[in-house]
Amino acid sequence: MTVLVTGGAGYIGSHMVLALRDAGREVVVLDNLSTGFRWAVHPEAAFVEGDCGDEALLGKVIREHGVDAIVHFAGSIVVPDSVADPLGYYLNNTVRSRALIAAAVANGVPRFLFSSTAAVYGDAKESPIIEAAPLDPVSPYGTSKLMTEMMLRDTARAHPLKYVALRYFNVAGADPAGRSGQSSPRATHLIKVATQAALGERTHLDVFGTDYPTPDGTCLRDYIHVSDLARAHVLALDYLAAGGESTVFNCGYGRGYSVLEVIEAVKRVSGVDFPVNHVPRRAGDPAALVAGAGRIRETLGWKPEFDHLDTIVAHALAWERSLAARRQAAE
Ligand SMILES: NC(=O)c1ccc[n+]([C@@H]2O[C@H](COP(=O)([O-])OP(=O)(O)OC[C@H]3O[C@@H](n4cnc5c(N)ncnc54)[C@H](O)[C@@H]3O)[C@@H](O)[C@H]2O)c1
Ligand SMILES: O=c1ccn([C@@H]2O[C@H](COP(=O)(O)OP(=O)(O)O[C@H]3O[C@H](CO)[C@@H](O)[C@H](O)[C@H]3O)[C@@H](O)[C@H]2O)c(=O)[nH]1
């Protein structure tokens with residue numbers, strides 16, 4: 001039987017394909033390559049270029065490959081872009097997820113994992129944030145993901161489909177063996193952008209807001225290594241296959257770092273003191289997102305291997321260097 005990975009040419013999806021292949025699973029990737037890369041797809045995975053909103057194509061892929069589980073990463077991911085283009089985000093993240101869920105139901109796929117986000121909590125009143133905390137997104141991105149969680153909840157009540165929604169906190173780092181990493185040159189994520197600044201690919205780094213109600217005035221985030229996250233998904237698939245009930249898990253380590261602490265870590269690990277500017281807040285950013293991460297550890301027996309900021313930064317930096325070498329070789 002085969003796992004269908006939507007968005008498997010992207011950052012997190014490509015690490016999931018590595019984890020699945022490392023566990024000996026058959027994989028088919030469906031990706032429209034809007035932000036992903038064909039070369040990032042594992043050579044032992046089947047690849048279909050297409051849209052996760054194309055129900056006819058999905059039905060064909062599910063039947064031809066004997067898909068018995070779907071892991072849904074495909075989507076648009078930039079919080080401030082969603083503020084500028086809410087309808088684009090509702091189309092790509094919500095409407096197209098509906099088509100994928102419908103294809104799963106129509107073709108009898110029994111298991112579904114969904115990439116949700118800490119952004120569903122919005123400006124949480126409590127920290128760390130547990131799964132039962134109020135859901136009140138402050139960006140269209142967060143709302144687009146919460147609506148998909150709700151569709152899954154209601155669909156799983158009406159049909160024989162079991163799902164796990166994994167609410168990722170801030171995903172960072174790269175495969176420790178150097179097989180994949182975050183590759184988009186347009187990436188906006190803090191650790192990615194900071195490693196680019198350390199390697200001289202950006203002139204400087206902007207800190208968006210220093211007046212938040214946090215210890216140093218910059219936002220707190222819970223950074224989780226992408227390979228730990230991928231392994232959590234493999235465990236979630238095993239959990240559903242063993243008869244586990246549909247549920248939601250926070251994915252984080254339970255510790256927050258400020259933007260300034262992350263910048264210090266990138267400077268420390270790279271040995272480069274790049275310029276940093278303090279600029280006004282960015283739209284849609286909650287002050288603090290730190291995971292209450294007990295449920296996933298207890299239910300899945302998940303034990304992180306890379307729960308250390310400097311390790312995450314070191315792996316991200318190594319991948320950024322390998323991308324630079326790849327570009328030089330292509331010139
Ligand atoms: N990176 C993070 O910190 C983070 C945090 C929380 C949740 N997530 C979620 O994880 C998932 C993966 O994120 P990522 O960081 O790997 O982003 P990414 O942009 O690298 O990957 C997304 C992939 O989906 C593909 N895609 C987009 N729309 C598609 C569509 N309609 N049909 C088919 N393919 C499509 C893209 O080409 C790309 O390969 C997303 O759903 C995102 O919302 C990411
Ligand atoms: O150049 C930069 C980039 C980011 N930041 C700040 O760094 C923090 C982290 O930002 P970023 O790395 O862009 O991630 P988030 O906006 O927190 O969003 C990520 O993490 C969310 C979950 O917490 C996911 O839902 C999103 O998909 C994912 O993009 C925020 O306070 C940003 O304002 C800067 O100050 N300068």
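So, the crossing of α4 and α5 is right-handed, and by that I mean that the near helix is turned clockwise from the far one by less than a right angle, with anticlockwise giving a left-handed crossing. The axes of α4 and helix α5 (residues 140-158) come within 9 Å and cross at roughly 20°. For the axes, think of lines fitted to C-alpha atoms, for helices over the stretch in contact, with angles running from 0 to 180 degrees between N-to-C directions. That angle makes α4 roughly parallel to α5; the cut-offs are under 35 degrees for roughly parallel, over 145 for roughly antiparallel, 65 to 115 for roughly perpendicular, and oblique for the rest.

Before I go on, a word on the source: this is a predicted model, local features need pLDDT of at least 70, side-chain atom pairs count only at pLDDT 80 or more, and totals for chains, interfaces and linings use all residues. Residues are numbered from 1 along each chain as its sequence is written, while chains are lettered from A and ligands numbered from 1 in the order in which they are written.

Which residues of α4 and α5 make the contact? On the α4 side they are P86, Y89, Y90, N93, T94, S97, R98, I101 and V105, and on the α5 side P140, Y141, S144, K145, M147, T148, M151, L152 and T155. Contact here means C-beta atoms, placed from the backbone, within 7 Å of each other. Sorted by class, that contact of α4 with α5 holds ten nonpolar, six polar and two charged residues. For the classes, Ala, Val, Leu, Ile, Met, Phe, Trp, Tyr, Cys and Pro are nonpolar, Asp, Glu, Lys and Arg are charged, and the others, Gly among them, are polar.

Helix α4 has another partner to show you. Helix α2 (residues 55-65) and helix α4 (residues 86-106) have axes that come within 9 Å and cross at roughly 40°. That makes α2 oblique to α4. This crossing is right-handed. E55, L58, G59 and I62 of α2 meet A99, L100, A102, A103 and A106 of α4, and by class we get seven nonpolar, one polar and one charged residues.

The contact takes A265, V266, V269 and S270 from α8 and L309, D310, V313, A314 and L317 from α10.

Now let's zoom out to the domains. The protein is divided into domain 1 (2-172 + 223-251) and domain 2 (190-221 + 254-330), with bounds that come from an automatic or database domain assignment. Their C-alpha centres lie 23 Å apart.

Ligand 2 is surrounded by 22 residues, the closest being T117, H189, L190, F208 and C219. Its shell divides into 14 nonpolar, four polar and four charged residues. Where does that shell come from? It draws at least three residues from each of domain 1 and domain 2, and strand β8 gives the largest share, four residues.

Two backbone details to finish. Most residues other than glycine have a negative phi, and most peptide bonds are trans. L33, in the loop between β2 (26-31) and β3 (46-49), has a positive phi of about 60° although it is not a glycine. S127 and P128 are joined by a cis peptide bond, with omega about -5°, and P128 is found in the loop between β5 and α5.

Technical notes:
A residue is near a molecule or strand if its C-beta atom, placed from the backbone, lies within 6 Å of it. Helices (H or I, at least four residues) and strands (E, at least two) are DSSP runs, numbered from the N terminus. Two residues are in contact if their C-beta atoms, placed from the backbone, lie within 7 Å.
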